[in-house]
Amino acid sequence: MKSFDEVYEQYADMLFKIAFMYFGNTADSEDAVQEVFISYFRHSSPFKSETHEKAWLIRATQNRCRNMLKSPSRRACALENLSLAQEEPDRELHLDTLGKVVALPSSYKTVILLYYYYGCSVAEIAQTLKISQSAVKMRLKRGRALLKKELEGYENV
């Protein structure tokens with residue numbers, strides 16, 4: 001069984017990036033991840049596997065972000081501070097694409113983030129989100145269609 005520190009080191013960056021996709025700013029993203037790890041620390045029952053633990057952390061992060069966004073005092077910020085885009089050759093396209101991903105409905109945003117940014121398989125996403133693989137594929141298809149429509153002005157999209 002891994003220690004809390006090991007789990008934090010393994011997943012903190014990924015959870016932060018997931019939260020950042022919801023908020024677009026560092027402060028809210030850090031708050032969400034901190035709350036998730038507090039819940040993780042208090043979680044009393046052991047996880048069945050590392051995959052189950054990872055899925056729990058991702059779902060907890062998504063749920064925490066959604067709850068925080070429901071608060072009227074929260075607002076999304078601009079994407080200029082997004083560190084994911086620093087090494088992209090076409091920074092403008094990358095930032096526009098991320099902006100469009102952030103603006104997608106939550107169900108599409110989540111599967112696109114997990115599939116394209118974290119390399120999760122359709123089966124892993126289905127297991128994590130507790131939906132069927134066909135539902136994941138459909139959300140990916142619809143999310144890509146929405147993104148393609150939004151990014152029509154760019155070549156090779």
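Residues are numbered from 1 along each chain as its sequence is written, and side-chain values use heavy atoms, with hydrogens and water left out. Because the model is predicted, local features need pLDDT of at least 70 and side-chain atom pairs count only at pLDDT 80 or more, while totals for chains, interfaces and linings use all residues.

Confidence is a friendly place to start. The protein chain has a mean pLDDT (the predictor's confidence in each residue, from 0 to 100) of 79, and 80% of its residues reach 70 or more. Helices here are DSSP runs of H or I with at least four residues, numbered from the N terminus. Helix 7 has the highest confidence, at 91, whereas helix 4 (residues 91-103) has the lowest, at a mean of 71. Over residues 74-88 pLDDT stays under 50, although the model has 30 contacts (heavy atoms within 4.5 Å) beyond four places in sequence for them. Where pLDDT is low, the predicted coordinates should not be read in detail.

In helix 6 (residues 122-129), Val122, Ile125, Ala126, Thr128 and Leu129 are buried. Their arc of only 165° around the axis puts them on the same side of helix 6. Helix 3 (50-70), helix 5 (106-117) and helix 7 are among what covers these buried residues. Lys130, whose phi is positive, near 60°, follows helix 6.

The structure holds 1 salt bridge (a side-chain nitrogen of Lys or Arg within 4 Å of a carboxyl oxygen of Asp or Glu). Asp13 pairs with Lys17 in this salt bridge, with the closest N and O atoms 3.2 Å apart. Both residues lie in helix 1 (residues 4-23), 4 residues apart, about one turn of the helix. Asp13 counts as partly exposed at 46% relative accessibility, as does Lys17 at 22%.

Finally, the structure holds 0 disulfides (pairs of cysteine sulfur atoms within 2.5 Å). Cys65 is buried at 0% relative accessibility, and Cys120 is buried at 7%.

Notes
Helix = DSSP H or I, 4+ residues; strand = E, 2+ residues; numbered from the N terminus. Buried < 20%, exposed > 50% of the residue type's maximum accessible area, 1.4 Å probe, protein only. Arc of directions from axis to C-beta.
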